Amino acid sequence: MGHLQQEVEPTEAGLDPKALARLDQHFADEVDEGRLPGFLVAVSRHGQVAHLTTYGHRDRAAGLPVTTDTLWRMYSMTKPVTTVAALILLEEGRIGLADPVARHLPAFAEQQVYVEGTGAGVRTRPAGQPLLVRHLLTHTAGLTFGFYHSHPVDALYRAAGLESSVPEGADLAGACEVYARLPLQFEPGTRWNYSVATNVLGRLVEVVSGQRLDEFFAERIFGPLGMTDAGFCVDEEQSERLAELYGEDGRGGITPVPGLPLHGRPRLLSGSGGMVAGAHDYHRFMEFLRRRGELDGTRLLAAGTVDTMTSNQLPGGVDIRTHGTPAHDEPGNAGLGFGLGVSVVIDPAVTAYPTALGAFGWNGVASTTFWVDPLRDMTVQFLTQLRPTGSHAVFPEVRRLVHEAVLD
């Protein structure tokens, strides 16, 4: 069990206490007005936690408060961890970025690409190039999500039982078999579309390593980095610290909703979104990235590998909005490139919120977010448990308020 602790005063780390108080108050108001259940926010500079606040409840009905050891469903903040797992295998020479995915997962050997039509009238053609490991890591694979409702292939995903991205009752191998049978939205490498690609990457890690994904994470990442609570399920002691998941009730409030089934090892170990962890765990992971692959004398990746992971990999150096499908043509994607498993700020002048060149990170669907800012030598995480029905203002407001707190 790990408790995150504040280590230095904000002013010692070049942070403005008054601005941090505004950050805390903004989200405390969200809790008091019933729009969030509770939250934890932590800001670190130069490797030391300089601001740490918990507020509200991890379980409103039970009256249980958010504490520094509360456990959270990380959802898509799992993806950078799966990326690190794949990069460990890459450094060992067991996979390559240019490897065809079919070399390791034969079901992807004869991919079809969407041409036209809808439903049973969809017409496809054979892909002109193979799906590569690089495409999985950069979300340029042509895979998709069923919940987008923006392309005929999305509808095919829903018809195949993939509304929530995984088939009911399937394991990771079975889910990937279903993905492989469906057409790609576009030729691999030609567009950016956030998708089930990281589940495929997780399965690739399993096949190449010969271990279940949770075993690989525990042995090769969580253990070495001291991520003591991180995993794909919770035991009896941990379950008491697990935050309840909430959704918007349509009347301006929130209500409990079903979350990941974390009591007992899940049948499907989702590399896209199956991780549960505490703030201490994710702080350790962020510090590992900030320090370019090493933490407390333990090096998991070469510095250059982390540099590649956290540099824009989209063709032509463009942003997600430019290279993405219509589903991603939104202001929040302006100025953001994509590396391997993380977004990267490539043009702060046009982003939807104040930020710094080279800052990288990702979000989770339960309104969690993290980023590492190399320019300011800073890491930030904001943890709560709300699955909004639309676009919630959590992410831009966290970024704006933290930006205002940096003095140097």
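Biologist: Which residue takes a positive phi in the hairpin of β14 and β15?
Modeller: Ser367 does, with a phi near 70°. That hairpin has five residues between the strands. Strands here are DSSP runs of E with at least two residues, helices are runs of H or I with at least four, and both are numbered from the N terminus. This is a predicted model, where local features need pLDDT of at least 70 and side-chain atom pairs count only at pLDDT 80 or more, while totals for chains, interfaces and linings use all residues. Residues are numbered from 1 along each chain as its sequence is written, and side-chain values use heavy atoms, with hydrogens and water left out.

Biologist: OK. How many bridges link β14 and β15, and in what sense do they pair?
Modeller: Four bridges, antiparallel. Two strands pair if DSSP finds at least two bridges between them. Strand β14 covers residues 360-363. Its Phe360 stands opposite Val372 in β15.

Biologist: And what does β15 do with β16?
Modeller: They pair in the antiparallel sense too, over five bridges. Strand β16 is residues 378-383. Val372 stands opposite Thr379 there, and Thr369 stands opposite Phe382.

Biologist: Is β15 mostly covered or uncovered?
Modeller: Mostly covered. Five of its five residues, 369-373, are buried. Buried means under 20% relative accessible area, exposed means over 50%, and partly exposed is in between, using a 1.4 Å probe and protein chains only.

Biologist: Which side chains point which way?
Modeller: Thr369, Trp371 and Asp373 point one way from β15. Phe370 and Val372 point the other way. In a regular strand the side chains alternate between the two faces of the sheet.

Biologist: What's the strand order in the eight-strand sheet?
Modeller: β3-β2-β1-β16-β15-β14-β13-β12. The sheet is open, with antiparallel pairing. At the edges stand β3 and β12 (336-338). Each has a single partner strand, so one side of each is left without a neighbour in the sheet.

Biologist: What about the sheet of three strands?
Modeller: That one is open as well, in the order β8-β7-β17, with mixed pairing. Its edge strands are β8 (254-256) and β17 (386-387), and each pairs on one side only. Strand β7, residues 246-248, pairs with β17 in the parallel sense over two bridges. Gly247 has Arg387 as its bridge partner in β17.

Biologist: Switching topic. Which residues touch the most other members in the largest nonpolar core?
Modeller: Leu136 and Ile221, out of 118 residues. A nonpolar core is a set of buried Ala, Val, Leu, Ile, Met, Phe, Trp, Tyr and Cys residues joined through side-chain atoms within 4.5 Å. Helix α2 (residues 79-91) gives the largest share, seven residues. There is also a second, separate core of five residues, including Leu71 and Leu242.

Biologist: Who does Leu136 contact?
Modeller: Leaving aside neighbours within four places in sequence, its contacts include Val101, Leu143, Ala197 and Leu204. Contact means heavy atoms within 4.5 Å.

Biologist: What lines it?
Modeller: There are 13 lining residues. Glu7, Gly47, His283, Arg284 and Glu287 lie nearest the centre. Helix α9 (residues 279-290) gives the most, with four residues.

Biologist: Last one. Where is Asp69?
Modeller: In the loop between β3 (64-65) and β4 (71-73). Asp69 is buried, with a relative accessible area of 9%. Not counting residues up to four places away in sequence, Asp69 touches Met1, Gly2, His3 and Arg241.

Technical notes:
1 Å grid on protein atoms, 1.4 Å probe; cavity = no way out; pocket = protein on both sides within 12 Å on 5 of 7 lines; lining within 4 Å.
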